[in-house]
Amino acid sequence: MSIRKVSVRQVKAARAMLAWSQADLAKASGISEPTIKRLEAQDADLGGRADTVTAICSALEAAGVIFVTENGEGPGVRLRKLK
């Protein structure tokens, strides 16, 4: 399994858009809150084991987050349209 390329800033922005705390993300992803805190303390690509990164990204995506890759303007996040 390859590690997804998502930055810590994207994860923090996604949490902010969802009004989620680190505890909320920990509960949704099944990753411990101390691990979330440790990973978010960096200012780089989201590190950790591949399954940890996948769990965090999958939880955010399930809540409606879309991770936008580098497109000339830089990476970002947005929310899916509500149906």
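Analyst: In this predicted model, Arg9 and Asp43 are both exposed. Their side chains form a salt bridge, with 2.8 Å from N to O. This pair joins distant parts of the chain, since Arg9 sits in helix 1 and Asp43 in the loop between helix 3 and helix 4, 34 residues apart. As a general point, side chains of opposite charge can pair when their charged atoms come close.

Helix 1 spans residues 8–18, and its buried residues are Val8, Gln10, Val11, Ala14, Arg15 and Leu18. These residues lie on the same side of helix 1 because they cover an arc of only 160° around the axis. Arg9 and Ala16 are on the other side of helix 1, and they are exposed.

What covers the buried side? Helix 1 is followed by Ala19, which has a positive phi, near 60°.

Ser21 caps the N-terminal end of helix 2, with a side-chain oxygen 3.3 Å from the backbone nitrogen of Ala23. Within helix 2, the residues Gln22, Leu25, Ala26 and Ser29 are buried. The arc that they cover around the axis is only 100°, so they lie on the same side of helix 2. The partners that these buried residues pack against are helix 1, helix 3 and helix 4. Just after helix 2 comes Gly30, whose phi is positive, about 80°.

Another is formed by the side chains of Lys5 and Asp45, at 2.9 Å from N to O. Lys5 is in the segment before helix 1 and Asp45 is in the loop between helix 3 and helix 4, so this pair also links distant parts of the chain, 40 residues apart. Lys5 counts as exposed because its relative accessibility is 67%, where exposed means over 50%. Asp45, at 40% relative accessibility, counts as partly exposed.

A further salt bridge joins the side chains of Arg49 and Asp51, at 2.7 Å from N to O. Arg49 has a relative accessibility of 57% and therefore counts as exposed. Asp51 has a relative accessible area of 37%, so it is partly exposed.

Asn71 is in the loop between strand 1 and strand 2. With a relative accessible area of 52%, Asn71 is exposed. Asn71 and Lys5 are 66 residues apart in sequence, and from C-alpha to C-alpha they are 14 Å apart in space.

Conventions: Residues are numbered from 1 along each chain as its sequence is written. This is a predicted model: local features need pLDDT of at least 70, side-chain atom pairs count only at pLDDT 80 or more; totals for chains, interfaces and linings use all residues. Side-chain values use heavy atoms; hydrogens and water are left out. Buried means under 20% relative accessible area, exposed over 50%, partly exposed in between (1.4 Å probe, protein chains only). Helices (H or I, at least four residues) and strands (E, at least two) are DSSP runs, numbered from the N terminus. The arc is that of the directions from the helix axis to the C-beta atoms. Contact means heavy atoms within 4.5 Å. A polar contact is a pair of N or O atoms within 3.5 Å; within protein, one must be able to donate a hydrogen and the other to accept it, and residues adjacent in sequence count only if both atoms are side-chain atoms. A salt bridge is a side-chain nitrogen of Lys or Arg within 4 Å of a carboxyl oxygen of Asp or Glu.
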